[in-house]
Amino acid sequence: MEYSGFDKNFSLHGKVAMVTGAAQGIGRAIAELFAEKGADIVLVDMQDAHETAKVVEGFGRDSLVVKADLTRGEDIQNIVDTSIGKFGRIDILSNTAGVVFLDDAENLSEQAWDTTIAVNLKAVFMLAQAVGKEMIRAKSGKIINMASQASVIALDNHVAYCASKAAVVAVTKNLALEWGQFNITVNAISPTVVLTELGKKAWAGEVGENMKKLIPIGRFGVPEEIAAVALFLASDAANLITGENLIVDGGYSIK
């Protein structure tokens, strides 16, 4: 395919984007920015995402709210079937939903390990696989998987989380390798601590101040910054980028 230029306004006009974890945090910020840039949005979450849908519709875009458990294969297929039934296609997938259970390696429970792998890794692959089949038929698509700085660096009490996010990067690279021939790009984003509601609570007080001292830029991220990176990867400006893990951590992992 020849290079033909791209919209420097990073428009997603006419696109259909599916965003998981869309009820809050990074997922919500991505869904709202994608809608602002012209995309119709499939909002996937275990929680009620109708507040996000109101914002999406406020930008004049259409939305579909799907409440689902991403660890269940039947739920994943229902998400895809329902989305195709309404919009006819899926142009962009933002695999944003995730969980974290913190404990030292010698005491981490089997349940915490299994849940982390099921949500952060298995669900990411299974949804990418199901959506990817639609993109292969269309011979076009963008998949963005949410990893973490924990994908490239060890973090105390994060053994399951680090393992799951490193594996997300490996899956991203493999999908990019296999699906490039179908004009599908697959990339990962690896943020530092992001000040979602959960992030604000987890990193409040002294623990947060100590962590910020280890970040060259000296602060945590906000959801809108990660959404901006996702917008770039979802846009035509990133058509030549695939199989990459874009680290957005203020320099934390360069030391």
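**A walk through the predicted model**

Set aside the neighbours within four places in sequence, and Asp-236 is in contact (heavy atoms within 4.5 Å) with Phe-6 and Lys-142. This is a predicted model, in which local features need pLDDT of at least 70 and side-chain atom pairs count only at pLDDT 80 or more, while totals for chains, interfaces and linings use all residues. Residues are numbered from 1 along each chain as its sequence is written, and side-chain values use heavy atoms, with hydrogens and water left out.

Stay with Asp-236. Asp-236 lies in the loop between α8 and β7 (245-248). Such labels follow DSSP runs, numbered from the N terminus: helices are H or I with at least four residues, and strands are E with at least two. Now look across to Thr-82. Asp-236 and Thr-82 are 154 residues apart in sequence and 26 Å apart in space, C-alpha to C-alpha.

Next come the aromatic rings. Rings of Phe, Tyr and Trp (its six-membered ring) pair if their centres lie within 6.5 Å; planes under 30 degrees apart count as stacked, over 60 as edge-to-face, and the rest as tilted. By this rule there are two aromatic pairs. One of them joins Phe-10 and Phe-232 edge-to-face, with 6.4 Å centre to centre and 70 degrees between the planes. This pair links distant parts of the chain: Phe-10 is in the segment before β1 (16-20), Phe-232 is in helix α8 (residues 223-234), and 222 residues separate the two. Phe-10 is partly exposed because its relative accessibility is 29%. Phe-232 has a relative accessible area of 26%, so Phe-232 is partly exposed. Phe-10 also has a positive phi of about 55 degrees, although it is not a glycine.

Which other residue has a positive phi without being glycine? Asn-183 does, with phi near 65 degrees. Find Asn-183 in the loop between α5 (159-179) and β6 (184-191). Asn-183 is partly exposed because its relative accessible area is 36%.

The charged end of Lys-86 sits over the ring of Phe-87, 5.4 Å from its centre. Lys-212 lies over the face of Phe-220, at 5.6 Å from the ring centre.

Follow Lys-86 into helix α3. Lys-86 has 40% relative accessibility, so Lys-86 counts as partly exposed. Leaving out residues up to four places away in sequence, Lys-86 touches Asp-62, Ser-63 and Leu-64. Gly-98 is twelve residues from Lys-86 in sequence, yet 26 Å away in space, C-alpha to C-alpha.

Helix α3 (residues 73-87) has a partner. Its axis and that of helix α4 (residues 110-138) come within 10 Å and cross at roughly 35 degrees. Axes are lines fitted to C-alpha atoms, for helices over the stretch in contact, and angles run from 0 to 180 degrees between N-to-C directions. Which residues of α3 meet α4? They are Ile-76, Gln-77, Val-80 and Ile-84, and they meet Ala-123, Met-126, Leu-127, Ala-130, Val-131 and Glu-134 in α4. This contact divides into eight nonpolar residues, one polar and one charged. Here Ala, Val, Leu, Ile, Met, Phe, Trp, Tyr, Cys and Pro count as nonpolar, Asp, Glu, Lys and Arg as charged, and the others, Gly among them, as polar.

Definitions and conventions
Buried means under 20% relative accessible area, exposed over 50%, partly exposed in between (1.4 Å probe, protein chains only). A charge sits over a ring if NZ of Lys or CZ of Arg is within 6 Å of the ring centre and within 35 degrees of the ring normal.
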